[in-house]
Amino acid sequence: MAKSITPRSQDYSRWYTDIVLRAELADYAPVKGCMVIRPYGYSIWEKMQRELDDRFKATGHLNAYFPLFIPESFLKKEAEHVKGFAPECAVVTHGGGKPLEEPLYVRPTSETIIWNTYKGWIHSYRDLPLLINQWCNVVRWEMRTRLFLRTTEFLWQEGHTAHATEEEARSETMRMLEVYRDFAEGVMALPVVPGRKTENEKFAGAVETYSIEAMMQDRHALQAGTSHYLGQNFAKAFDVQYQDAGGQLQYVHATSWGVSTRLIGALVMAHSDDQGLVLPPKLAPIEAVIVPIWKDDATKTLVLQAARALAADYPRRLAIRVDDREGFNPGWKYNEWEMRGVPVRIELGPRDLQAQQVVAVRRDTGEKLKVPLGDAIPRVTSLLDEMQAGILKKAKAFLDAHTRPIDTYAEFRQFHETGSGFANAHWCGSADCEKSVAEETKATIRNIPLSAPEQPGRCVRCGQPSARRVLFAQAY
RNA sequence: CGGGGUGUAGCGCAGUUUGGAUAGCGCGCGUGCCUUGGGAGCACGAGGUCGCCGGUUCGAAUCCGGCCACCCCGACCA
């Protein structure tokens, strides 16, 4: 079976799609722009959910669920918000065989219906802060879709919080951005650049939007998470006021923040290779697979016995598998599990049994190690830790190698013509320059990195004074 | 919405130019044998409204008209 993956170097886009399909993360669905998330892909999402949800709970948030359908009038209450979302909404006009009194929008995001509800929940400063998260699906009618990266329907979480003061809401915005950064690096092994979005790129309805930006292997940027300070925009649109300790009515200050199944696409594009998926161990549904090798019935019995005993001792029983399928030779199985990104393969055959050892193979480097049978489990565990760190280190080195300061427009243009990565360049702050650069180079301002020091310079496009460098890149 | 491409078995394709009898091939799938240290082998077998609708014709996967769907590339977006 010619089960090869299109090489990255030949066609990056095909390579990505091949991996998603062949590793059985997702399938195309009968509806345009929609996908089926297969069990293996969904398992990865469940692991992400668990990690994120624990972090949300640890920072005081509770989960709730709001409706899928949003009355048209709600969406229209916040002017900027409706301008941003109306064009990409699916609208239900009929129900029960009859036209509806008021069309219902399928949520593209839930700010409006949530703030309509918060109005009834918030009356006093004692009701604040209100810290709620929701796991759900949303629909955005995109022109062009790609598996995980941009689909018409996707799964995500959206946090929606209400605070008494601007200061507290701003601090929540930054706190959750940091949760995302920590998750991306610590769990996904994905180094990111946290920063503030420009006026042009921010969320419709926000005062300020922050993002974490990751670099894919084609050196394009992918927005991996967002956190918004919404100011009092939604509080005013939905009339959400509280009485402060002095008895005065005040509008609350809001935030919202989210990450989506797009992160699975980021995972694929950041770490995988021409053999298939590479998963950071912390997100791998199967951490290790044992491939038994036998010659005849006698060795088969012994080898399988040893393999099953090893698996039975593994501390996370569901995360290890013995591939005892008949009719597939070991080489076939090696390729199969590499395709699916299982971090550690354990080869166990008659020769190993003779030597009381196993051969452990790392998915990320292909390195083969002989390990005494008795040390196999602790060694696999330590290997997983080494791989988690190794994958992050490799991704970080890649990001650093393709990020650099650029000061002249000639060099800037050439850098982006060759798709060379992240450019830190000065920008005067004008939307015109931002737009010109995008038209001329396809690079956009991904964000203004939080780490960017105050450093006077001149705008790379127009030469006007600039206070700091911003991050320019071609983006997904 | 513009440009390009593709619709024939679960997947990948041939056949369409030049209409003709039972629509083929590889992989996968089922059964049996054999095999297993990097994608094995043999045998038998199951599996099709040729994307849809209409037309031309004695006869259409093939020609004509219309429609639909999906993929890739661009403009919008997480």
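This is a predicted model: local features need pLDDT of at least 70, side-chain atom pairs count only at pLDDT 80 or more; totals for chains, interfaces and linings use all residues.
Visitor: Why is His 426 called buried?

Guide: His 426 has a relative accessible area of 3%, and buried means under 20%; therefore His 426 is classed as buried. This histidine lies in strand β21, residues 422-426. Leaving aside residues up to four places away in sequence, His 426 touches several residues, among them Asp 407, Pro 456, Cys 459, Arg 468 and Phe 472.

Visitor: What makes the pair His 426 and Gln 455 a polar contact?

Guide: Their side chains are joined at 3.1 Å, and a polar contact is a pair of N or O atoms within 3.5 Å, one able to donate a hydrogen and the other to accept it. The distance therefore falls within the cut-off.

Visitor: How do you know that Asn 335 approaches a base of RNA strand B, and at what distance?

Guide: A polar side-chain atom of Asn 335 lies 3.0 Å from a base nitrogen of RNA strand B. Base oxygens also take part: one is 2.5 Å from an N or O atom in the side chain of Arg 345, and one is 3.2 Å from a polar backbone atom of Pro 350. Each pair meets the 3.5 Å cut-off.

Visitor: What makes up the surface near RNA strand B, and which element gives the largest share?

Guide: The RNA strand is surrounded by 39 residues, the closest being Arg 144, Arg 150, Arg 262, Trp 294 and Asn 329. Of the RNA atoms that come within 4 Å of the protein, sugar and phosphate account for 42%. By class, the surface divides into 15 nonpolar, 8 polar and 16 charged residues. The largest share, 8 residues, comes from α10; β17 and α11 each supply at least two.

Visitor: Which residues lie nearest the centre of the largest pocket, and how much space lies in it?

Guide: Arg 140, Arg 150, Gln 223, Thr 226 and Arg 262 lie nearest its centre, and the space is about 1100 Å³. Its lining divides into 13 nonpolar, 14 polar and 12 charged residues.

Methods:
Residues are numbered from 1 along each chain as its sequence is written. Chains are lettered from A and ligands numbered from 1 in the order in which they are written. Side-chain values use heavy atoms; hydrogens and water are left out. A residue is near a molecule or strand if one of its heavy atoms lies within 4 Å of it. Helices (H or I, at least four residues) and strands (E, at least two) are DSSP runs, numbered from the N terminus. Ala, Val, Leu, Ile, Met, Phe, Trp, Tyr, Cys and Pro count as nonpolar, Asp, Glu, Lys and Arg as charged, and the others, Gly among them, as polar. On a 1 Å grid over the protein atoms alone, a cavity is a set of points where a 1.4 Å probe fits but cannot get out, and a pocket is an open set with protein on both sides within 12 Å along at least five of seven lines; lining residues have an atom within 4 Å of a point. Grid points are joined across faces, edges and corners, and a volume is the space filled by probe spheres set on the points. Buried means under 20% relative accessible area, exposed over 50%, partly exposed in between (1.4 Å probe, protein chains only). Contact means heavy atoms within 4.5 Å.
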